[in-house]
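Dear colleague,

Here is the structure I said I would pass on. My notes on it follow below.

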Amino acid sequence: MTSTSEIVDFYRGSSTEDLAAAARALCERVHGRAILLRGLIEFSNDCVVNCLYCGIRAGNASVERYRLEPEELVAAAELAYAAGLRSFVLQSAEDPWYTVERLAGAVERIKERCPGAAVTLSCGIKSRADYRALKSAGADRYLLRFETSDPALHRYLRGGIVLERRLQALKDLRSEGYQVGSGFMVGLPGETEETRIANALLCARLELDMVGIGPFIPHPATPLAGSNQEPIELTLRMTSLLRLLMPTANIPATTAAGSLDPEGREKMILAGANVLMPNMTPTQVRKNYLLYPGKICLDEAGEKCLGCLALRMKSVGRELSFERGDSLRGALVADCGEAAFRSAAPLPARAAAAR
Ligand code: SAH
């Protein structure tokens with residue numbers, strides 16, 4: 001069995017290519033060659049928080065604000081369902097108009113009208129009681145990135161809101177029975193290589209079901225406008241480290257990676273990611289959910305988007321899966337051990353294990 005410190009040593013001493021090869025081999029043994037899909041619906045960009053990095057922060061007066069009505073949100077999920085998707089991520093700014101009652105109502109209707117689909121929420125910090133109500137309404141999963149594990153940097157970047165509060169929210173979500181996702185941006189100003197390693201180790205310690213990471217891309221209308229753009233390689237190296245530390249985690253190849261590098265998502269898949277998140281937000285409003293500049297897929301509607309992704313995945317020897325793709329945490333963890341990456345023993349492929 002390989003320990004966490006051995007994995008980190010391997011990370012430090014290996015080229016990006018060698019890391020990717022090890023992580024990819026492990027990913028294929030655990031998850032097979034299928035890439036899970038999550039239809040992303042960005043339902044409000046009206047934010048009360050002022051994160052320094054974010055293009056839709058409250059203080060950015062140049063943003064055209066929008067909010068899908070609950071019924072429009074439900075309709076967007078139904079369209080994604082009709083396109084074959086069985087897993088949706090409902091993401092928004094921190095928008096108080098969307099009270100827990102309104103959001104829970106939408107979740108209930110989506111679960112009724114899209115039988116068998118999984119609903120993931122990604123709407124920021126809420127009270128434990130709110131998380132409970134949303135779970136009762138049918139939400140299955142929740143994504144809440146901790147953004148950076150450096151407490152001082154976190155507080156600085158998030159307008160005074162502390163890391164501890166996000167970590168408490170993640171604990172609350174776990175206690176309420178959600179499949180839990182978190183993650184971080186790669187290449188934030190003030191971050192070091194040690195911060196990045198600490199970020200990955202925190203993900204492992206939190207025993208996350210899902211880990212979302214992507215490159216930080218400076219937005220011109222934010223206080224971080226002049227920041228350095230770190231290369232995609234940093235994100236690829238982190239993807240591989242996360243996969244080696246967390247064999248069963250669902251790790252998306254994110255839109256930010258595809259926006260920084262035209263082949264960024266393919267590269268993330270080849271570095272150990274196993275999920276894609278096609279954008280299913282109605283195209284009229286999509287351009288206003290601009291967290292960072294250069295965001296891709298702003299005008300492709302559902303079907304066309306899936307066709308493009310299928311071709312892209314074929315180019316890296318993968319195929320799209322329309323399964324709802326629940327967490328494998330627990331199911332396979334005993335078979336994987338902490339670091340199957342060096343063991344020659346074949347692991348059961350995802351398809352065989354999950355069904
Ligand atoms: N309001 C929700 C959703 C935030 S948007 C929440 O607070 O959880 C989703 C993610 O986009 C954020 O968690 C952040 O990691 C990422 N993001 C924001 N600004 C970005 C930027 N400039 N570059 C790259 N990613 C960014």
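S149 counts as buried, because its relative accessibility is 14% and the cut-off for buried is under 20%. Please keep in mind that this is a predicted model. S149 sits in the loop that runs between β5 (141–143) and α6 (151–157). Its side chain and that of N199 are joined by a polar contact of 2.6 Å. Leaving aside residues up to four places away in sequence, S149 touches L163, T195, A198, N199 and L202.

**S3**

S3 belongs to the segment before α1 (4–13).

**The ligand**

The ligand is surrounded by 18 residues, and the closest are Y53, R145, E147, R166 and I217. By type, the shell around the ligand splits into 11 nonpolar, three polar and four charged residues.

- Y53: a backbone N or O atom lies 2.9 Å from a nitrogen atom of the ligand.
- S92: a polar backbone atom is 3.0 Å from a nitrogen atom of the ligand.
- I217: a backbone N or O atom lies 2.9 Å from a nitrogen atom of the ligand.

How much of the ligand does the protein bury? Taken alone, the ligand exposes 560 Å², and the protein buries 92% of that.

**Helix α4**

Helix α4 takes in residues 100–113, which is 14 residues. At 1.5 Å a residue the helix should span 20 Å, and the distance between its end C-alpha atoms is 20 Å, so the two values agree.

The buried residues of α4 are V100, L103, A104, G105, A106, V107 and I110. Which elements do the buried residues of α4 pack against? They pack against the strands β2 (39–44), β3 (87–92) and β4 (118–122), and against the helices α3 (70–82) and α5 (128–136).

Best regards

Notes
Residues numbered from 1 in each chain as written. Predicted model: local features only at pLDDT ≥ 70, side-chain atom pairs only at ≥ 80, totals over all residues. Heavy atoms only, no water. Near = heavy atom within 4 Å. Polar contact = N/O pair within 3.5 Å; in protein donor to acceptor, adjacent residues only side chain to side chain. Areas by Shrake-Rupley, 256 points an atom, 1.4 Å probe, with all protein chains shown as cover. Nonpolar A, V, L, I, M, F, W, Y, C, P; charged D, E, K, R; others polar. Helix = DSSP H or I, 4+ residues; strand = E, 2+ residues; numbered from the N terminus. Expected span 1.5 Å × (residues − 1). Buried < 20%, exposed > 50% of the residue type's maximum accessible area, 1.4 Å probe, protein only. Contact = heavy atoms within 4.5 Å.
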